[in-house]
Amino acid sequence: MSFIDFTLGKISEAEFVAQFPKHLKLECWAPGVLYLPGESQFSLVLSAGIHGNETAPVLVLNEIVARIIGQVLTPKHACLFILGHPQALAKAVRYCDTNLNRLFCGQHLRVAACIESMRAALLELCVARFFQLHDAKQKLHWDCHCAIRDSFYRRFAVVPVAKSPCIDITHRPLSSQLNKLQQAGIQAAVLSQLATNTFSYASYIQYGAQAATLELGKALPWAQNNMLDHQIFQDYLISLLSLDEVKGEAEVSHELQLFTIAQQINKYHDDFMLAFAADAANFSCFQQGEVLAKEAEKEYCVQANQEWILFPNAKVENGARALLTLTPYVS
Ligand SMILES: [Zn+2]
């Protein structure tokens, strides 16, 4: 009777809680939302399954919660564990009505009511309550996903670094998070100055949390995941939860490739098409002048000496982002 079973409604909250050891202060805030208090100067939100077909990180969080319930793991920090989208997870689909990961920062109030808008509202309330309870602490939110397409860097992170009058963004928290990401087996980080409505961006911009959207390999059905591929990540999360002091202040070594966003290419016309293979991997590299996409009379070309592509998708609705390009980050 696991966290996944509780999230999917296969067991009741009472049945799930009945397994908890008496002294364990784990609280169910909602289906798929578990809170564990902690007294350290660090608070941690770990979420997965915001897209219901991205199963591997859900299995990682499920294992971590099982170890906490089994008293094999005793976190030192306040934690909020979230399995993001129960209905989509039950159907093993990316979403039911619309993309949940575009509805945070209050965006759920500006779309027609649907399964995802209600879930986004609930998750925002849970995160707000959590960070209000642990306001004085160093905050971290890692929202864990899997990518739809192949990727030159199998495990990468999108890290918001947008400027905000509400947030004092100094170099130190960024380097601290990059170091944690590297220790967690992340191979590349895209430092994004773009404002978005993703779950991790909301924690960054609203609460000043170190935050990242993690892409942890390719999205696979439940039974097809090789969890050995996720061992380094799972082991790092366990050590992060277990340590008295949150490590990760050391210099970032060369092994984490850093990128920044060069171009955001939006689709405006129905005839929008990408100029490269539909299955081109994330982080494929193109040279200056090469055409990346076309629509109507317009061509979108590589502007820097080289640009690397990320999240290409010609099937988005008009007005939406169809492609990002990257250049190396220079601090
Ligand atoms: Zn995803």
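## Lining of the largest cavity

Five nonpolar residues, two polar ones and one charged one form the lining of the largest cavity. Here Ala, Val, Leu, Ile, Met, Phe, Trp, Tyr, Cys and Pro count as nonpolar, Asp, Glu, Lys and Arg as charged, and the others, Gly among them, as polar. The model is predicted: local features need pLDDT of at least 70, side-chain atom pairs count only at pLDDT 80 or more, and totals for chains, interfaces and linings use all residues. Residues are numbered from 1 along each chain as its sequence is written, and side-chain values use heavy atoms, with hydrogens and water left out.

The lining residues are Phe104, Glu124, Val127, Phe199, Ala202, Ser203, Gln206 and Tyr207. Helix 5 (115-133) and helix 7 (199-207) each supply at least two of the lining residues. Helix 7 gives the most, with five residues. Helices (H or I, at least four residues) and strands (E, at least two) are DSSP runs, numbered from the N terminus.

## Cavity size and search

A search of the whole structure finds one cavity of 30 Å³ or more. The space in the largest cavity is about 40 Å³. The search runs on a 1 Å grid over the protein atoms alone. A cavity is a set of points where a 1.4 Å probe fits but cannot get out. A pocket is an open set with protein on both sides within 12 Å along at least five of seven lines. Lining residues have an atom within 4 Å of a point. Grid points are joined across faces, edges and corners, and a volume is the space filled by probe spheres set on the points.

## The largest pocket

The largest pocket has a volume of about 1,500 Å³. It is lined by 46 residues, and the closest to its centre are Arg94, Asn99, Arg102, Val316 and Arg321. The lining divides into 21 nonpolar, 15 polar and ten charged residues.

Where does the largest pocket lie? Domain 1 (3-242) and domain 2 (262-328) both give residues to its lining, so the pocket lies between them. The domain bounds come from an automatic or database domain assignment. Several elements each supply at least two lining residues, among them strand 6 (155-160), strand 8 (210-218), strand 9 (257-266) and strand 15 (321-328). Helix 7 and strand 5 (138-147) are also on that list.

## The zinc site

Which atoms coordinate the zinc ion? They are His51 (ND1), Glu54 (OE), Glu54 (OE) and His145 (ND1), at 2.0 to 2.4 Å. Donors are N, O and S atoms within 2.8 Å of the metal (3.2 Å for Na, K and Ca); water is not among the atoms, so sites may look incomplete. In sequence, the donor residues are spaced H-x2-E-x90-H. His51 lies in the loop between strand 3 (42-48) and helix 3 (56-69), and His145 lies in strand 5, so the pair ties together parts that are 94 residues apart in sequence.

The four donor atoms subtend angles of 57 to 150°, which makes the arrangement irregular. Four donors count as tetrahedral if all angles lie between 85 and 135 degrees; four count as square planar and six as octahedral if opposite donors are over 155 degrees apart and all others between 65 and 115; anything else is irregular. Are the two histidines buried or exposed? His51 is buried, with a relative accessible area of 4%. His145 is buried too, at 2%. Buried means under 20% relative accessible area, exposed over 50%, and partly exposed in between (1.4 Å probe, protein chains only).

## Loop residues

Cys105 sits in the loop between helix 4 (86-91) and helix 5. Its phi is near 55°, a positive value in a residue other than glycine. Cys105 is buried, with a relative accessible area of 18%. Phe283 is in the loop between strand 10 (273-274) and strand 11 (285-287). Phe283 has a positive phi of about 75°, although it is not a glycine. Phe283 is buried, at 3%.

Ile148 is in the loop between strand 5 and strand 6. Ile148 is exposed, with a relative accessible area of 58%. Pro37 is in the loop between strand 2 (33-36) and strand 3. Pro37 is partly exposed, at 26%.
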